[in-house]
Amino acid sequence: MADTEHFVRDDVRAFLDMLEQMGGKGVEEVGAEEGRTQMKTLGALAEAPARDLAIIKDLTCPGPAGDIPLRFYDAKETRDPSPCVVFIHGGGFVIGDIDVYHSLCTEIAYRLDLPVVSVEYRLAPEHPFPAAPDDCEAAARWIASSPEALGRKISGLVITGDSAGGNLTIVTTNQLVNDPADVPVIVQAPIYPVASDVSQHRSLRDFAEGFLLTGAAMSWFTEQYGGSADDPRHTPMVGDCSNTPPTVVCTAGLDPLRDSGREYAAHLIQQGTEVVYLEFPGIIHGFTTLRKAMPSGQKDLDAFLDAVELMVERYR
């Protein structure tokens, strides 16, 4: 079993070997500021180019602690009423931003043919929990209200994001299920999310070293973010997930977070939610924003977006 579980694709192995040769220190050693620079540098080196779209513009919406920066994407200049994708970036609640995820958001807007709004929520450690979920919820509610700034009539929300953004996807969806916004969340689509207590998972032990996201970085991110693991806005699986909208979850086979996504998908299925669960073998955490370095990850992203499109078409 161990051999098949640790299958590594050739392009993934080449990327990991390159990272090893480059050396460099982990985010837990260099801190938040340098970690943010590292993530930008890696993206510039390893991510696929952005697609050209009819609309790419920066906006803001009101938030609980001032304006929240957003970026609005659409492949069309105008469109009839439609769902809108709310994208929540990853980076351990500490190091991601709108720019690192720019190419991915253009890909999502192009592939799904839906408007996409990417959310620049406040980051830890400067703004620990619950700043991030507060901002994401405020942005989602604003988007749901079909604000004039978007020039779109929004019929429903599709909430997605990766890693820490996968966690915030689930948390934001749960908040909007408990206290509905102007339009419903029709689909949620967390990408390799943190949904449960990862410290107990075998995948954390198996992939703690040598697969980009390390166990040491995970611990450091958790510490920076703060909050309590028994708060459902922090660890969403501890809350009531019984009314969750249709869900697409994907994980990476060589990811310390793999078992958290598995566990969450299984939990939703047991509660009666319609779920598509995709686990991509032989690839690492972060593949959706490293597609130039690992071209096989584009096929995985395509499969994930196909599943999201399928679910949206059923419920829009």
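The crossing of helix 5 and helix 11 is right-handed, a crossing being right-handed if the near helix is turned clockwise from the far one by less than a right angle, and left-handed if anticlockwise. The model is predicted, so local features need pLDDT of at least 70 and side-chain atom pairs count only at pLDDT 80 or more, while totals for chains, interfaces and linings use all residues. Residues are numbered from 1 along each chain as its sequence is written, and side-chain values use heavy atoms, with hydrogens and water left out. Helices (H or I, at least four residues) and strands (E, at least two) are DSSP runs numbered from the N terminus.

Two packed helices are described by the angle between their axes and the distance between the axes. Axes here are lines fitted to C-alpha atoms, for helices over the stretch in contact, and angles run from 0 to 180 degrees between N-to-C directions. For helix 5 (residues 102-112) and helix 11 (residues 296-315), the axes come within 10 Å and cross at roughly 50°. The two helices are therefore oblique to each other; angles under 35 degrees count as roughly parallel, over 145 as roughly antiparallel, 65 to 115 as roughly perpendicular, and the rest as oblique. On the helix 5 side, Leu104, Glu107, Ile108, Arg111 and Leu112 meet residues of helix 11 that include Leu301, Leu305 and Val308, where contact means heavy atoms within 4.5 Å. The residues of this contact divide into six nonpolar, one polar and five charged. In this classing, Ala, Val, Leu, Ile, Met, Phe, Trp, Tyr, Cys and Pro count as nonpolar, Asp, Glu, Lys and Arg as charged, and the others, Gly among them, as polar.

Helix 2 (residues 10-22) packs with helix 4 (residues 32-46) at an angle of about 135°, the axes being 13 Å apart. That angle makes helix 2 oblique to helix 4, and their crossing is right-handed. Phe15, Met18, Leu19 and Met22 of helix 2 meet Leu42, Leu45 and Ala46 of helix 4. By class, this contact has seven nonpolar, no polar and no charged residues.

Helix 6 (residues 131-144) and helix 7 (residues 164-178) have axes 9 Å apart and pack at an angle of about 55°. This makes helix 6 oblique to helix 7, and helix 6 passes helix 7 in a right-handed crossing. The contact joins Ala132, Pro133, Cys136, Glu137, Ala140 and Arg141 of helix 6 to Leu168, Val171, Thr172, Gln175 and Leu176 of helix 7. Seven of these residues are nonpolar, two polar and two charged.

In the loop between strand 4 (116-119) and helix 6 lies proline 125, and the peptide bond from alanine 124 to proline 125 is cis, with omega near 0°. Serine 146 lies in the loop between helix 6 and strand 5 (154-162) and has a positive phi of about 50° although it is not a glycine. With a relative accessible area of 18%, serine 146 is buried (buried means under 20% relative accessible area, exposed over 50%, partly exposed in between, with a 1.4 Å probe and protein chains only). Serine 163, in the loop between strand 5 and helix 7, has a positive phi of about 60°, again without being a glycine. Serine 163 is buried, at 8% relative accessible area.

Alanine 189 lies in strand 6 (residues 185-191) and counts as buried at 0% relative accessibility. Leaving aside neighbours within four places in sequence, alanine 189 contacts Ile159, Thr160, Gly161, Thr169, Val248, Phe304 and Val308.

Threonine 235 is found in the loop between helix 9 (215-225) and strand 7 (247-252) and counts as buried at 7% relative accessibility. A polar contact of 3.0 Å joins its side chain to that of histidine 234. A polar contact is a pair of N or O atoms within 3.5 Å; within protein, one must be able to donate a hydrogen and the other to accept it, and residues adjacent in sequence count only if both atoms are side-chain atoms.

Glutamate 279, in strand 8 (residues 275-280), counts as partly exposed at 28% relative accessibility. Its side chain makes polar contacts with the side chains of arginine 262 (2.7 Å) and tyrosine 277 (2.5 Å).
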